[in-house]
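Hi,

Here is the structure I promised to pass on.

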Amino acid sequence: MTASASLTWFTDARLGMFVHWGLYSLAARHEWVKNHERMTDAEYEPYFAHFDPDRYDPRAWARTAKAAGAGYVVLTAKHHDGFCLWNSALTDYTSMNTPFGRDAVAEFVEACRAEGLRVGLYYSLIDWHHRSFPVDGTHPQRDDEDFKTAAADRDIRDYQRYLHGQVRELLTGYGQIDYLFFDFSYTHRADYWGGKGAEDWDAENLLCMVRALQPQIIVNDRLGIPGDIVTPEQYQPLEPMTRDGEPVAWEACQTLNGSWGYDRDNLDSKSSESLIKLLIDGVSKDGNLLLNVGPDGRGRIDPVAQRTFDEIATWMDDHARSIHGAGPAPWKAPSDTRYTLRGDRLYVHLFSWPFKHLHLPGLAGKVAYAQLMTDASELIPLHIDPDRVAQNTLMGGLPEGTLTLQLPIQRPHSPVPVIELFLNPGS
Ligand code: GLC
């Protein structure tokens with residue numbers, strides 16, 4: 001198994017858009033609805049029969065992603081329910097056989113390319129529809145004794161052939177695919193009996209095939225064997241991530257409201273401000289953010305999600321250069337701030353607005369010029385003698401090497417104001 005070509009486009013992009021969309025979008029109550037409600041195939045069938053997203057416009061998704069500063073989009077080609085959004089020759093359970101009757105993956109891929117975005121596909125290793133997928137603790141019929149008896153002789157090797165064949169289809173039928181997101185392995189999970197992992201997927205061979213078909217592709221880490229990146233889900237690591245003691249590229253995937261699939265009555269929306277902070281926090285720790293959207297049954301991004309992405313777009317429009325191509329800085333950032341570094345620019349992201357002065361330990365003598373990104377207004381450094389003791393209006397008692405900047409009293413109108421520091425050569 002050879003490692004993939006290059007991660008540069010991926011780590012430079014820093015932000016991606018995840019799209020969870022499929023039959024469950026019609027149920028509109030979480031993408032695990034079939035599992036949650038222990039639905040049979042017959043009970044789930046109406047979504048297949050009524051899948052007719054008349055407003056499917058992946059160009060609109062791609063534009064939303066692009067405007068928000070995302071560099072790539074990842075679509076659920078197949079989720080755990082087994083429904084395929086492309087014209088697979090290996091099953092009838094595809095978008096082609098619904099009233100929609102189109103290959104959604106083909107249109108998606110084309111739309112991303114037209115907007116200059118990298119293309120990612122999500123493929124679920126779990127499959128609750130395939131007749132050879134052995135029933136386990138994730139399965140909707142996990143407690144149905146008759147179903148389990150009837151399914152007792154299911155042969156995972158048969159499913160393996162299907163899985164490998166489908167991945168081959170996706171990697172041969174749609175030109176260059178930049179990123180493959182497998183989901184997921186669960187041999188280690190106590191909450192699911194009959195957990196499956198690398199052996200069940202024949203992961204080594206699968207990954208070899210993937211690399212042979214698309215040598216440049218980036219593959220995630222959910223096959224049960226290491227991939228090119230690691231993928232913390234719905235949590236933020238404390239510091240840059242490592243694998244076997246070595247730094248590793250990582251991407252946190254996050255929902256807008258706790259559900260990946262469209263969830264009509266969910267009011268748990270995260271604010272754009274907290275999502276922008278999440279993105280910044282990740283970059284300061286050398287990571288990406290894959291921010292999800294769950295378009296509805298007509299194929300549209302709902303107004304709340306759209307507004308959230310639009311607000312991120314507004315912030316990114318002013319601040320993208322503190323994100324794209326940026327990474328961690330070698331200095332410890334003061335509390336309530338995050339540093340990102342790109343070339344000779346250090347960016348100070350202010351999670352709360354300090355009163356009048358900002359003290360930056362270790363940066364004295366290292367900064368040639370400082371400005372607020374909002375309006376490129378100069379921020380003037382204060383020269384404070386390190387030996388000076390604080391007294392009345394005289395500031396002092398600061399650790400040696402501290403750079404102090406004077407800030408306006410009024411906080412700029414931005415969810416996260418950013419200071420751009422031009423570092424002296426060699427700093
Ligand atoms: C989990 C969930 C799934 C979602 C994925 C996103 O593994 O099972 O519904 O697609 O996370 O990373």
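Histidine 30 sits in the loop that runs between helix 2 (24-27) and helix 3 (33-36). Keep in mind that this is a predicted model. Even though histidine 30 isn't a glycine, its phi is positive, at about 90°. Most residues other than glycine have a negative phi, and most peptide bonds are trans.

Phenylalanine 184 belongs to the loop between strand 4 (179-183) and helix 9 (198-201).

Now the ligand. The space it takes is the largest pocket. There are 14 residues around the ligand, and those that come nearest are His20, Glu31, His79, His80 and Glu233. By type, the shell splits into seven nonpolar, three polar and four charged residues.

- glutamate 31, through a polar side-chain atom, at 2.6 Å
- tryptophan 32, through a side-chain N or O atom, at 2.9 Å
- aspartate 183, also through a side-chain N or O atom, at 3.0 Å

On its own the ligand exposes 300 Å², and the protein buries 94% of that.

As for annotation, an unreviewed UniProt entry lists residues 6-319 as "domain: Glycoside hydrolase family 29 N-terminal". Over residues 6-319 the chain is 36% helix and 13% strand, with the end C-alpha atoms 26 Å apart.

Cheers

Methods:
Residues numbered from 1 in each chain as written. Predicted model: local features only at pLDDT ≥ 70, side-chain atom pairs only at ≥ 80, totals over all residues. Heavy atoms only, no water. Near = heavy atom within 4 Å. Polar contact = N/O pair within 3.5 Å; in protein donor to acceptor, adjacent residues only side chain to side chain. Areas by Shrake-Rupley, 256 points an atom, 1.4 Å probe, with all protein chains shown as cover. 1 Å grid on protein atoms, 1.4 Å probe; cavity = no way out; pocket = protein on both sides within 12 Å on 5 of 7 lines; lining within 4 Å. Sits in = over half its atoms within 2 Å of the grid points. Nonpolar A, V, L, I, M, F, W, Y, C, P; charged D, E, K, R; others polar. UniProt positions renumbered as here; feature names shortened; annotations may be inferred. Helix = DSSP H or I, 4+ residues; strand = E, 2+ residues; numbered from the N terminus.
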